[in-house]
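Dear colleague,

Please find below the structure that I am handing over to you. My notes on what was found in it follow directly after.

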Amino acid sequence: ELVCVTGASGFVASHLVALLLREGYRVRATVRSIKDAKKTAHLRRLPGASERLELVECDLMKEGSFDRAVLQCSGVFHTASPFFFAKGNEDPERTLVRPAVQGTTNVLASCLKAGETLKRVVLTSSVAAVSGATNVEGTIDESQWNTTSTLEKGAYLLSKTLAERAAWDFIEKNKPHWSLVVVNPVMVIGPGLNRFESKEEVNTSSGIILSMIDGSMPQIPSGGLSFVDVRDVALGHLRAYERKEAEGRYLLSESTETYETVADRLKKQFPQHRVVTKKPSRKTPVTVVKNEKSVRELGISYIPLDVSLRDTAQQLIDDGLVK
Ligand code: NDP
């Protein structure tokens with residue numbers, strides 16, 4: 001069975017490619033540049049890759065660029081999307097929103113031409129598309145949409161919201177014979193499949209853990225976040241594809257914690273490192289993300305946060321990024 005994974009070199013997608021190969025799938029993986037060994041070597045060395053992994057070059061912004069990649073696939077996993085927090089001098093409409101939204105509609109348009117074999121497209125959205133709130137009292141579930149993020153305040157969150165909306169609108173308008181299922185992970189941590197050679201290479205979500213253990217964070221931030229392990233996010237994608245009855249959106253989250261608790265747990269596991277200890281300046285509520293739908297319908301029993309924190313931090317230490 002042939003499936004396509006877009007943005008295959010990424011933190012989440014490379015775990016998904018590994019899992020798909022382990023499960024016996026043939027995988028067509030799209031990357032920005034096949035020649036870029038940094039982005040492809042970790043994929044090429046996966047077990048099963050030499051027989052069942054094909055790398056193709058595709059451009060999110062180019063119409064039709066994914067036509068060949070999705071052809072004759074039975075499933076498509078669209079994970080590629082820019083993930084970073086825009087800096088002051090950037091144009092987030094150009095660097096975040098357009099690649100997220102046009103990338104999604106371009107991939108879906110190619111899926112319309114993929115042929116009869118295509119059964120399902122799984123889109124990697126985010127909790128960001130469900131809610132922009134992290135530090136207000138209350139809970140988040142799949143029935144909600146982020147209505148608060150703007151280009152000026154929360155451009156990444158906006159990019160994910162508009163991209164997922166565009167995907168559902170596309171389905172409504174084109175009524176394809178295949179189904180769309182969306183996964184909405186919270187902050188993804190856990191070990192990457194790629195070695196980090198410098199701090200600049202660390203993916204955005206692991207970067208937060210890095211700053212908590214390398215002495216660079218002066219004070220624990222107030223509030224907190226929800227976390228999920230990258231291995232469970234890969235599994236969530238697979239189950240969203242394989243389980244026929246899966247439908248709609250799935251928040252993927254193990255637990256919701258304050259940064260203070262995260263720092264405490266890291267300090268316990270890595271007492272020899274400079275884990276941030278200065279208490280947050282104020283107490284802020286943390287919005288709880290509900291994971292019941294994913295547990296019930298995708299059958300995920302989540303890897304505990306302690307294990308994810310340990311494996312994330314250990315990799316950063318092993319890669320020499322924590323002095
Ligand atoms: P990565 O940055 O590791 O992966 C992102 C992937 O998208 C990479 O393959 C990257 O290619 C590709 N990509 C980014 N921008 C472009 C672009 N302009 N054109 C073509 N390709 C592009 O991040 P993650 O693995 O963490 O993210 C994967 C998905 O999961 C994204 O959709 C993200 O929004 C979503 N997500 C992530 C969460 C997290 O905490 N990590 C939480 C919720 C959702 P390249 O490597 O060449 O840059």
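Helix H1 (11–22) and helix H8 (residues 230–242) cross in a right-handed sense. A crossing is called right-handed if the near helix is turned clockwise from the far one by less than a right angle, and left-handed if anticlockwise. Helices (H or I, at least four residues) and strands (E, at least two) are DSSP runs, numbered from the N terminus.

The model is a predicted one, in which local features need pLDDT of at least 70 and side-chain atom pairs count only at pLDDT 80 or more, while totals for chains, interfaces and linings use all residues. Residues are numbered from 1 along each chain as its sequence is written.

The axes of H1 and H8 lie 8 Å apart, and the angle between them is about 60 degrees. Axes are lines fitted to C-alpha atoms, for helices over the stretch in contact, and angles run from 0 to 180 degrees between N-to-C directions. H1 is therefore oblique to H8; angles under 35 degrees count as roughly parallel, over 145 as roughly antiparallel, 65 to 115 as roughly perpendicular and the rest as oblique. On the H1 side the contact includes Phe-11, Val-12 and His-15, and on the H8 side it includes Val-230, Arg-231 and His-237. Two residues are in contact if their C-beta atoms, placed from the backbone, lie within 7 Å. By class, this contact of H1 with H8 holds 10 nonpolar, 2 polar and 1 charged residues. Here Ala, Val, Leu, Ile, Met, Phe, Trp, Tyr, Cys and Pro count as nonpolar, Asp, Glu, Lys and Arg as charged, and the others, Gly among them, as polar.

A second pair is formed by helix H5 (residues 92–112) and helix H6 (residues 155–174), whose axes come within 9 Å and cross at roughly 25 degrees. H5 and H6 are therefore roughly parallel to each other. Among the residues in contact are Leu-96 and Val-97 of H5, and Leu-162 and Phe-170 of H6. The contact of H5 with H6 has 15 nonpolar, 4 polar and 1 charged residues.

There is also a ligand, with 23 residues around it, of which Gly-7, Gly-10, Phe-11, Ser-81 and Ser-126 come nearest; a residue is near a molecule if its C-beta atom, placed from the backbone, lies within 6 Å of it. H1 and strand S8 (187–189) each give two or more residues to this shell, and H1 gives the most, with 3 residues. The shell divides into 11 nonpolar, 9 polar and 3 charged residues.

Yours sincerely
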